[in-house]
Amino acid sequence: GEVITLQGAGKTYPGGLTALDNADLTIREGELVAIVGPSGSGKSTLLNLMGTLDRPSSGRVEVLGHDVATLSDRRLSAVRARWIGFVFQQFFLSPHLSALDNVATGLLYHGIGHSRRRERAAEALTRVGLGHRLDHKPHELSGGERQRTAIARAVVSRPRIVLADEPTGALDSTSGAAVVQLLRDLNAQGTTIAVITHDRQLADSLPRRVRILDGRIQEDDMAGTAA
Ligand code: ADP
Ligand code: ADP
């Protein structure tokens, strides 16, 4: 089914800048989509709408069947916390928490007790190849390990959607490739993923590309071709 649907969605910021203009986009369950376009074209604005972090100024955005424009803030945060995982270029780990405790924060507000949260966090870190780094603080981890920790935090709650904003942007190519492989594995297990990337090689390797230019969405011209 459809996981994310934008119909004529627009976003105009206070001050009058239209960052997204009349956007139509459907993302189906199990897709792995690259979002590409120059700086300032509206990629983050689109990701924020898909992640229910922001509401459209016009048109319709539906995420997992919820109309983002009309849901209360409280219900919107609940949908987001339960079903959407976020990964950012800058990781956003808490510097004073171990990898394990950082990942366990992904289960706060899920009604899961402290020790079970830690068990789930250890499992998630093991799945990203960091079972030997549970007690390390972020400054004791490499860039690639930090991003894998952030991915573990994003998926420890088993979200249906993962949204990644330049997840390889701060990494060397080897660590970047490991992060991409993790995202592919997650996708192969059924998680729907959208990735903003400036990395053309990465984007070209994904099954679908959505390109944005000046707030306007265009599918890359490979529609209908086998991925
Ligand atoms: P990208 O992610 O492709 O770089 P963004 O979605 O961040 O693009 O930004 C699209 C446009 O909207 C840019 O011109 C940017 O300056 C503007 N913009 C982004 N966020 C805000 C905001 N909170 N307030 C005002 N303008 C914004
Ligand atoms: P430029 O060639 O100056 O980068 P483009 O409009 O071709 O300008 O691309 C804008 C941005 O989007 C660039 O950062 C580019 O790497 C990225 N990009 C463009 N097309 C693709 C594509 N097919 N796959 C991956 N990334 C792309």
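**Close-up views of a predicted model**

View 1. As a reminder, strands of a sheet pair through backbone hydrogen bonds, in either a parallel or an antiparallel way.

**View 2. Stepping back shows the open sheet.** Here β3 and β8 take their places among six strands, arranged in the order β6-β7-β8-β3-β9-β10 with mixed pairing. Which strands stand at the edges? They are β6 (84-88) and β10 (216-219); each has a single partner strand, so one side of each lacks a neighbour in the sheet. On average, neighbouring strands of this sheet are turned by 20° against each other, direction ignored.

**View 3. A helix lies across one end of the strand order.** Helix α5, residues 143-155, lies across β6 and β7 (161-165). The helix runs at about 165° to β6.

**View 4. The whole protein puts the close-ups in context.** Seven helices and 10 strands make up the secondary structure. The C-alpha atoms fill a box of roughly 45 × 40 × 35 Å along the principal axes. How does the radius of gyration fit a compact globule? For 227 residues such a globule would have a value near 17 Å, and the protein has 17 Å, so the two agree. Buried residues make up 49% of the 227. Among contacts with a separation of 6 or more, 68% come from residues 24 or more positions apart. Finally, the protein exposes about 10,800 Å², with carbon and sulfur atoms supplying 48% of that area.

Methods: Residues numbered from 1 in each chain as written. Chains lettered and ligands numbered in written order. Predicted model: local features only at pLDDT ≥ 70, side-chain atom pairs only at ≥ 80, totals over all residues. Heavy atoms only, no water. Pairing = 2+ DSSP bridges. Helix = DSSP H or I, 4+ residues; strand = E, 2+ residues; numbered from the N terminus. Axes fitted to C-alpha atoms, helices over the stretch in contact; angles between N-to-C directions. Contact = heavy atoms within 4.5 Å. Rg over C-alpha atoms; globule rule 2.2 N^0.38 Å. Buried < 20%, exposed > 50% of the residue type's maximum accessible area, 1.4 Å probe, protein only. Areas by Shrake-Rupley, 256 points an atom, 1.4 Å probe, with all protein chains shown as cover.
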